Amino acid sequence: MFSFEPSEEQQMFIEAARKFAAKELREHARRADEASALAPEILAGGWELGLLPASIPEKHGGFGERSAITGVLAAEELAWGDLSGALALSAPNLVAFPVLLCGSDEQKAEILPHFCTDAYAPGSAALIEPRYDFDSTALKATAVRSNGNYVLNGVKCNVPYAAEAEWMIAYAALDGRTEGFLVKKGTVGAVVKDREQNMGMKALPLYSVDFHECRIPASQRLGGDGGTDFTLLLNGSRAALAAMAVGVARGAYEYALEYAKNRKAFGEAIAQRQSIAFMLAEMFVDIDAARLMMWEAAWLLDQKRDATRAACLAKNFADEMALMVTDRAVQILGGHGYIRDYPVEMWLRNARGFSAMEGIAIV
C-alpha cells in the first residue's frame, strides 16, 4: 500500500507550492475573481515552481519523471490558495501529460519541449459538451477518417485557454471510442467562441469551441494509429480535480474554524456551540476521507494499475464534499459569509463547479 510519508523531493514541492499559494494565489484571489483574470506575474511565479518540467524526462526538455502522487500533493496546495490559479497553472498539463503518456515519439519530440521553457505556456483540452447527458466515454463530437486526415465535428464548452493556447487536445468519438486529436492554434474549422461567463472560477478563461469540418492530419491523432488510452487520462484528470476539491475545502474549513474560535456571541466563542462544533468536526472528517481516496487513486496510477474505480469514487466524493464544506463555511460565518468582504462566498461558488467539470486538469 502507499506510504503516508512524502519523499524528500515531494516534501520540497509541497513546501514550495504551499508558500506560493499563501503568498501569491491566496493574496490575489479576490482581485483575480473580480477582474476575471489572473495577473501575468502570478502565472510566471507559479511556473517557476517547475512542477511540469519536473515531470518530463530530460530527453524531452524536462528534468524528472511523472508522479501522480507528487501532482496531487501540489494540486491540493495550489487550490488551497485559489482554484482558478491552480487550474491555470495546470493548464499546460492538459497537453503535455496526454502526449507524454499516449503520444507517439514524433509527437513527444515536437510538443513536450514547448512546455519545458522558462515561459508559462498554457495548453487546452476540449472534452466537455453542452449536454445534460454528457458522457466522456460516449461523445457526440465525432472524428472521421478522410484522405489521410481526420475530420472533426462537434461543440465543446468549458475549454480552458482555448483562445490563448498554442496546442489543444480535442476529444471526439472515433469508431465508438473516445480519442484525442492535437489541434494547433489557428486550425481552420476550429472556431473559438466568446469567453464563457460562469458562476465560479471567474479568473480562469473558459470558452466554447465549435469544430466544423475541422481537418486534422493523421499524424496529429494522439498516439498515432495506436490511439489514445482515454481511461488512463480520465483517471489522471479525476485524481487532479479531487485533489483541488480537497484544497478548496481545506481552505474553507480552516477559515471557518478560525472565525468560529474568534467570533463571540453571548459571552463565548461560537465554536463552543454544539451545532457549530459538530459542523466543523464533520467538515474535517470528510476532507480527510476525500484526501485518502485521492491519494489511493494517484498511487494506483503511479503503480500502473487500474485506477478507474478509485479515481471515480475519489472525484465523486470530493465533488460533494467540497460543496458541503464550503456551504457550511458560509453558514458558520452567518451574514458575513454572504458578502464579498469575506472569501467563503467565492469558495462556495468555485466548489459548485466541480460536479460539472471533467477533463480540465490532469496529473
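Helix 3 (68–81) passes helix 7 (230–262) in a right-handed crossing, where a crossing counts as right-handed if the near helix is turned clockwise from the far one by less than a right angle, and as left-handed if anticlockwise. Helices here are DSSP runs of H or I with at least four residues, and strands are runs of E with at least two, numbered from the N terminus. This is a predicted model, in which local features need pLDDT of at least 70 and side-chain atom pairs count only at pLDDT 80 or more, while totals for chains, interfaces and linings use all residues. Residues are numbered from 1 along each chain as its sequence is written, and side-chain values use heavy atoms, with hydrogens and water left out.

Helix 3 and helix 7 pack at an angle of about 40°, and their axes lie 7 Å apart; the axes are lines fitted to C-alpha atoms over the stretch in contact, and angles run from 0 to 180 degrees between N-to-C directions. That angle makes helix 3 oblique to helix 7, since angles under 35 degrees count as roughly parallel, over 145 as roughly antiparallel, 65 to 115 as roughly perpendicular and the rest as oblique. Helix 7 also packs with helix 10 (residues 344–352), at an angle of about 155° and with the axes 10 Å apart, and these two helices are therefore roughly antiparallel to each other. In this pair, helix 7 passes helix 10 in a left-handed crossing.

Rolling a probe the size of a water molecule over the atoms shows where empty space is left. On a 1 Å grid over the protein atoms alone, a cavity is a set of points where a 1.4 Å probe fits but cannot get out, whereas a pocket is an open set with protein on both sides within 12 Å along at least five of seven lines, and lining residues have an atom within 4 Å of a point. Among the residues that line the largest cavity are L94, P98, F230, L233, L234 and S237. Helix 7 gives the largest share of this lining, four residues. By class, the lining has ten nonpolar, two polar and no charged residues, where Ala, Val, Leu, Ile, Met, Phe, Trp, Tyr, Cys and Pro count as nonpolar, Asp, Glu, Lys and Arg as charged, and the others, Gly among them, as polar.

The largest pocket, with a volume of about 400 Å³, is lined by 27 residues, of which L51, L52, S55, G71 and N93 lie nearest its centre. Helix 3 gives the most to the lining of this pocket, with five residues, and the lining has 17 nonpolar, eight polar and two charged residues. The second largest pocket has a volume of about 350 Å³, and of its 16 lining residues the closest to its centre are R66, L101, L232, L301 and K304. The lining of the second largest pocket has seven nonpolar, two polar and seven charged residues.

Lastly, strand 2 (residues 142–146) and strand 3 (residues 149–160) pair in the antiparallel sense over five bridges. The two strands form a hairpin with two residues between them, and N147 in the turn has a positive phi of about 50°.

Technical notes: Pairing = 2+ DSSP bridges. Points joined across faces, edges and corners; volume = space filled by probe spheres on them.
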